[in-house]
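Me: I would like to learn how to read a few features of a model from its coordinates. Could we start with the terms and then turn to the case at hand?

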Amino acid sequence: MLISPSLLAADFGNLEREMQWFNQSDADWLHLDVMDGVFVPNISFGFPVMQSVARLCQRPLDVHLMIVEPQKFFPEVAKLGAKFCNFHFEAAVHHHRLIQQIRDLGMQPAITLCPSTPVSALSEILPDLDMVLLMSVNPGFGGQKFIPRTLDKVRELVALREQTGSHALIEIDGGVNATTAPLLTEAGADVLVAGSAVFAAPDPNEAIRTIKGA
Ligand code: DX5
Ligand code: ZN
């Protein structure tokens, strides 16, 4: 299991210190949650903050854009050196074109589905994606409760991946912790995002190891 801790739950007054332990940890990627106050009812951080974090972080960046018109910012995400550029299915119309734009910028394309969007929405584009992120809470806030129906969506996505010959990784975001991680592993998830379960833990690397080993 890969783990992508979400910076949203970090201490923003001490980002350099957070990145120091993070770079020594067992984390695989760093998950960056970009919110615009329009697509989701919250605002997180923007590119100046992420540029500083990108300079400090020694792990691949997994950028989750919770914004309208995400394509406007793909070049900025590429400038960060991000590995994955992840936009919401619900925030776009021309998904196929946006996926190509991300590839042309040298990044790996990923699409996120809100809890109310069915997995079947991806049936035509799954082979073009390197990752699908299933939200297991409604996007916009950390520390929310895991929506159990996500487990069935993971199984449905595993089946659709097989049917379409896709190799997309399955990533889950929201309410991931030591209790929900084993259920997600069993359902077939490949990557788990965890914010509060990691950054608010007394020993964050212990929390990372527990979730990874679930
Ligand atoms: C929510 C974000 C998540 C958030 C997860 O909209 O996409 O990445 O940081 O936080 P936890 O792990 O606390 O649910
Ligand atoms: Zn996220």
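Reply: Let us begin with burial: a residue is called buried under 20% relative accessible area, exposed over 50%, and partly exposed in between, with a 1.4 Å probe and protein chains only. Helices (H or I, at least four residues) and strands (E, at least two) are DSSP runs, numbered from the N terminus. This is a predicted model, in which local features need pLDDT of at least 70 and side-chain atom pairs count only at pLDDT 80 or more, while totals for chains, interfaces and linings use all residues. Residues are numbered from 1 along each chain as its sequence is written, chains are lettered from A and ligands numbered from 1 in the order in which they are written, and side-chain values use heavy atoms, with hydrogens and water left out.

Me: Which residues of helix H8 are buried?

Reply: In H8, which runs over residues 204-212, the buried residues are Pro 204, Asn 205, Ala 207, Ile 208 and Ile 211. Because they cover an arc of only 155° around the axis (taken from the directions from the helix axis to the C-beta atoms), they lie on the same side of H8.

Me: What do the buried residues of H8 pack against?

Reply: Here contact means heavy atoms within 4.5 Å. The buried residues of H8 pack against strands S1 (2-5) and S8 (191-194), and also against helices H1 (15-24), H6 (180-187) and H7 (196-199).

Me: Where does Ser 25 lie, and which residues is Ser 25 in contact with, leaving aside its neighbours within four places in sequence?

Reply: Ser 25 lies in the loop between H1 and strand S2 (30-35), and it is buried, with a relative accessible area of 5%. Leaving aside those sequence neighbours, Ser 25 is in contact with Arg 59 and with two residues of the list above, Asn 205 and Ile 208.

Me: Is Glu 69 buried, partly exposed or exposed?

Reply: Glu 69 is partly exposed, with a relative accessible area of 40%, and it lies in the loop between strand S3 (61-66) and helix H3 (74-79). Its phi is near 45°, a positive value in a residue other than glycine.

Me: How many helices and strands are there in the chain?

Reply: The chain has eight helices and eight strands. Its radius of gyration, taken over C-alpha atoms, is 16 Å, close to the 17 Å that the globule rule (2.2 Å times the number of residues to the power 0.38) gives for 214 residues, so the chain is as compact as a globular protein of that length. Of these 214 residues, 51% count as buried.
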